[in-house]
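Biologist: I have a structure open and want to learn how to read it. Can we go feature by feature?

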Amino acid sequence: MAGITTSFASKPILSKTTPFHSSLSSKLFGLRFNHVYLINSSSCSSLSSSAVVSPVTARFGGGGPRRLSNDRRRQQSDAEDDDKALDISSIRSATVRLIDQKQEMVGVVSKSEAIRMADEADLDLVILSPDADPPVLRIMDYNKYRYEQQKKKRVSQKKSAGKASRMDLKELKMGYNIDQHDYAVRMRAAQKFLKDGDKVKVIVNLKGRENEFRNIAIELLKRFQSEVGELATEEAKSFSDRNMFIVLVPNKAILQKAQEPSKKKENPAVNEVSSSV
């Protein structure tokens, strides 16, 4: 804890020097004073404040400004947003566009009428679009609305964080003599898994005398990888055992490039009032 130091002095009469030590302590404030006097031995009983002595130092506790934690700041920010959403006095317009508790558009009414309707329903009157002309207000249970919004946000964040940090491994098994239809089904599944950001392990099992067709199995795996194309890159492979496989991982550069056109096609948000807000 930071401390505060103050200094002051008292002055006894000095003549022939004789050291005299005195101390005073206070348990109440945690103060301690140390005095060192040089006092005339013949006039030890009479002290005056006219002589210079060593300063007396007192240190007592203090504290710097408190720092708010991130959670406390977030709570304050949410509280400020709540205050703005419920501060009807900030609406300068005499009329408002009102949405009732059933999410049905009431239309343009006076501000006092909107307040009266909210009071009758025993619900909150919440500002949705303060800058609209006229401002848009909605009658609702604001605490319930905030809880549902925060719950949706937490679920969304949990899903996105989990997906970003986890890459699942999907397995696709084939025989060396797989028919064209089954091959096409596995190809579509592999493409879907890779676009979702998952790894794909393609396995060809050789049983018993099927080991004689090893070359056909190897060509099948190479063909599969070739038809997947730039969507994936090879991470590992093994053609030495009876269970031959190849592991494909998503090509992030290609996936991001494929997502960009869809974002560009999206039109900018249009300011419009919807009863589903």
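Modeller: Start with phenylalanine 224, which sits in helix α5. Keep in mind that this is a predicted model.

Biologist: Which residues is phenylalanine 224 in contact with, leaving aside its neighbours within four places in sequence?

Modeller: The contacts are Leu172, Met174, Tyr183, Arg186, Met187, Ala190 and Val202. Take alanine 190. It is 34 residues from phenylalanine 224 in sequence, and the two C-alpha atoms are 9.6 Å apart in space.

Biologist: Is phenylalanine 224 buried or exposed?

Modeller: Buried means under 20% relative accessible area. Phenylalanine 224 has 0%, so it is buried. Tyrosine 183 is buried as well, at 2% relative accessibility.

Biologist: Which parts does the pair of tyrosine 183 and phenylalanine 224 tie together?

Modeller: Tyrosine 183 lies in helix α4, and phenylalanine 224 in helix α5, residues 214-228. The pair therefore ties together parts that are 41 residues apart in sequence.

Biologist: What lies over the face of tyrosine 183?

Modeller: Arginine 223 does, at 4.1 Å from the ring centre. There is another case to look at. Lysine 170 lies over the face of phenylalanine 193, at 5.6 Å from the ring centre.

Biologist: Now the strands. How do strands of a sheet pair?

Modeller: They pair through backbone hydrogen bonds, either parallel or antiparallel. Look at strand β9, residues 169-174. β9 and β10 run parallel and are joined by six bridges. Lysine 170 stands opposite valine 200 in β10.

Biologist: In which sense do β10 and β12 pair, parallel or antiparallel?

Modeller: Antiparallel, over six bridges. Strand β12 spans residues 243-250. Lysine 201 has valine 247 in β12 as its bridge partner.

Biologist: Why is β10 largely enclosed by the rest of the structure?

Modeller: Because five of its seven residues, 199-205, are buried.

Biologist: What is the strand order in the open sheet of four strands?

Modeller: The order is β6-β5-β8-β7, and the pairing is mixed. β6 and β7 are the edge strands, since each pairs on one side only. From one strand to the next, the twist averages 35°. Now zoom in on one pair. β5 and β8 run parallel, with three bridges between them. There, isoleucine 99 has arginine 138 in β8 as its bridge partner.

Biologist: Which helix lies across β5, β6, β7 and β8?

Modeller: α2 does, and it runs at about 125° to β6.

Biologist: Let's turn to the backbone. Which bond joins aspartate 133 and proline 134?

Modeller: A cis peptide bond, with omega about -5°. Proline 134 lies in the loop between β7, residues 124-129, and β8, residues 136-140.

Biologist: What is the phi of glutamine 103?

Modeller: About 65°, a positive value although glutamine 103 is not a glycine. Find this residue in the loop between β5, residues 95-99, and β6, residues 105-110. Aspartate 122 is exposed, with a relative accessible area of 69%.

Biologist: Let's zoom out. How many helices and strands are in the protein chain?

Modeller: There are six helices and twelve strands. Of the chain's 277 residues, 25% count as buried.

Biologist: And how much of the contact list joins residues 24 or more positions apart?

Modeller: Such residues account for 59% of the contacts in the protein chain with a separation of 6 or more.

Note on methods: Residues are numbered from 1 along each chain as its sequence is written. This is a predicted model: local features need pLDDT of at least 70, side-chain atom pairs count only at pLDDT 80 or more; totals for chains, interfaces and linings use all residues. Side-chain values use heavy atoms; hydrogens and water are left out. Helices (H or I, at least four residues) and strands (E, at least two) are DSSP runs, numbered from the N terminus. Buried means under 20% relative accessible area, exposed over 50%, partly exposed in between (1.4 Å probe, protein chains only). Two strands pair if DSSP finds at least two bridges between them. A charge sits over a ring if NZ of Lys or CZ of Arg is within 6 Å of the ring centre and within 35 degrees of the ring normal. Axes are lines fitted to C-alpha atoms, for helices over the stretch in contact, and angles run from 0 to 180 degrees between N-to-C directions. Contact means heavy atoms within 4.5 Å.
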